[in-house]
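Welcome! Please take a moment to look over the sequence and the model below, and then we can walk through them together.

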Amino acid sequence: MKGSLIILSFFVLGLILGLTRFLPESLLESDFSIYALYLLMLLVGIGIGTDRNSWKVIREINIKIVLVPISVIVGSLLGVSAFSALLSNISIGEAMAVGAGFGYYSLSSVMITEFHSDTLGVIALLSNIIREILTLLATPLFVKYFGKLAGIASGGATAMDTTLPIIVRYSGKEYAIISVFSGIVLTILVPVIVPLILQFL
Amino acid sequence: MLTDIIIVLAIMVLGIGIGLIIGNRAKIIKIVGVLTSFSIFLLLFLLGIGVGTNNKIINNLDSIGIQALVLSLGAILGSLICAYLTYNLFFKKK
């Protein structure tokens, strides 16, 4: 929650500077964000590579566990597709690109901004932040009505870090490894699935 | 666009390779974590600037918020239903 607030405040700070055109025009118009994305992707990669724990978790697993991230992927994409029918401005493909963030708002929103549009990027940012916040708030309810995998599913990619504590609390410690595993798999898949979907728009 | 996407993914794979070579060193992992946070802050700051200078988005901020909320609810509900099925079929101890 704290992390998403910090990130939102950077976004809002940029928003205000953009609105007030406080910065020099050359800085406002030039777009070097693609290079910042390159840097971020390199760092995300190094992070994955150096984190031996995540490799260990993946190796120790009973094959059944892969059903969890698969459920999240299928459920998220079907859910956003169905709900996109309520929105006249959003095509099914655009909705799926947003849904494929699985709660990983920083990376998915930046990729969608770079490869599609600012508007959809903002929708992805807000939508995936809302996903994380609702998971933090409503996991007790979700677990009660949808079973012990509910918090892990709702949390998506965040089930490995920010929403892990609440998931463990309401589903039990035995679900911690499943949660971390699902979160890691989804985190690794976000930068693959989001561009893949955008490619077909 | 495809080339951009391939470049981005190639850079991530390169990063994974570098990460594997560096190995599990607490100090480096910490530095990489801090740098990652800063580059995310920078990107979201830049996204904010882009949005602030984009009248189309600013004039439609309320509808964008509602669209985001509807998509979040769809993603969560879809995931919950699939997780419910998976839990009852494969995980629940009978």
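In which helix of chain A is the place of Gly49(A)? Gly49(A) belongs to helix 3 of chain A. Before going further, please keep in mind that this is a predicted model.

## A glycine in helix 3 of chain A

## How the two chains meet

Let us step back to the whole contact. Chain A brings 83 residues to it and chain B brings 65 residues. Three residues, Thr50(A), Phe115(A) and Phe146(A), together supply 9% of the area that chain A buries against chain B, more than any other three residues. On the side of chain A that touches chain B, helix 3 (residues 33-50) gives the most, with 16 residues. Sorted by class, that side of chain A holds 57 nonpolar, 20 polar and six charged residues.

The size of an interface is often expressed as the accessible area that is lost when the parts come together. Here chain A and chain B bury about 6,800 Å² between them, and 81% of this is on carbon and sulfur atoms. How many salt bridges does the rule find across the interface of chain A and chain B? The count is zero salt bridges. Polar contacts do occur, with eleven residue pairs between chain A and chain B (both at pLDDT 80 or more).

## Helix 2 of chain B

Is Phe45(B) buried or exposed? With a relative accessible area of 19%, Phe45(B) is buried, since the cut-off for buried is under 20%. Not counting residues up to four places away in sequence, Phe45(B) touches Phe10(A), Leu13(A), Gly14(A) and Leu17(A). Along its own chain, Phe45(B) is 34 residues from Ser79(B), and the C-alpha atoms of the two are separated by 30 Å.

The other is Thr36(B), also found in helix 2 of chain B. Thr36(B) has 15% relative accessibility and therefore counts as buried. Apart from neighbours within four places in sequence, Thr36(B) is in contact with Leu40(A), Leu43(A) and Val44(A).

## A loop residue in chain B

Where does Asn24(B) lie in chain B? Asn24(B) is in the loop between helix 1 (2-22) and helix 2. At 48% relative accessibility, Asn24(B) counts as partly exposed. Leaving out residues up to four places away in sequence, Asn24(B) touches Thr50(A), Arg52(A) and Ile29(B). Asn24(B) is also 49 residues from Leu73(B) in sequence, with 38 Å between their C-alpha atoms.

Back in chain A, helix 7 (residues 105-115) is mostly covered, as ten of its eleven residues are buried. Among them are Tyr105(A), Met111(A), Ile112(A) and Phe115(A).

The loop between helix 6 (92-99) and helix 7 of chain A is the place of Phe102(A). Phe102(A) is buried, with a relative accessible area of 0%. Its phi is near 45 degrees, a positive value in a residue other than glycine.

For chain A, an unreviewed UniProt entry places the feature "transmembrane region" at residues 32-49, 61-80, 86-107 and 175-198. In the model, residues 61-80 of chain A are 70% helix and 0% strand, and the end C-alpha atoms lie 29 Å apart. Residues 175-198 of chain A are 96% helix and 0% strand, with 33 Å between the end C-alpha atoms.

For chain B, an unreviewed UniProt entry gives the feature "transmembrane region" at residues 6-24, 31-52 and 64-87. The span of residues 31-52 of chain B is 100% helix and 0% strand, and its end C-alpha atoms lie 31 Å apart. Residues 64-87 of chain B are likewise 100% helix and 0% strand, with the end C-alpha atoms 34 Å apart.

Technical notes
Residues numbered from 1 in each chain as written. Chains lettered and ligands numbered in written order. Predicted model: local features only at pLDDT ≥ 70, side-chain atom pairs only at ≥ 80, totals over all residues. Heavy atoms only, no water. Contact = heavy atoms within 4.5 Å. Buried area = accessible area lost by both parts, 1.4 Å probe. Salt bridge = Lys/Arg side-chain N within 4 Å of Asp/Glu carboxyl O. Polar contact = N/O pair within 3.5 Å; in protein donor to acceptor, adjacent residues only side chain to side chain. Helix = DSSP H or I, 4+ residues; strand = E, 2+ residues; numbered from the N terminus. Nonpolar A, V, L, I, M, F, W, Y, C, P; charged D, E, K, R; others polar. UniProt positions renumbered as here; feature names shortened; annotations may be inferred. Buried < 20%, exposed > 50% of the residue type's maximum accessible area, 1.4 Å probe, protein only.
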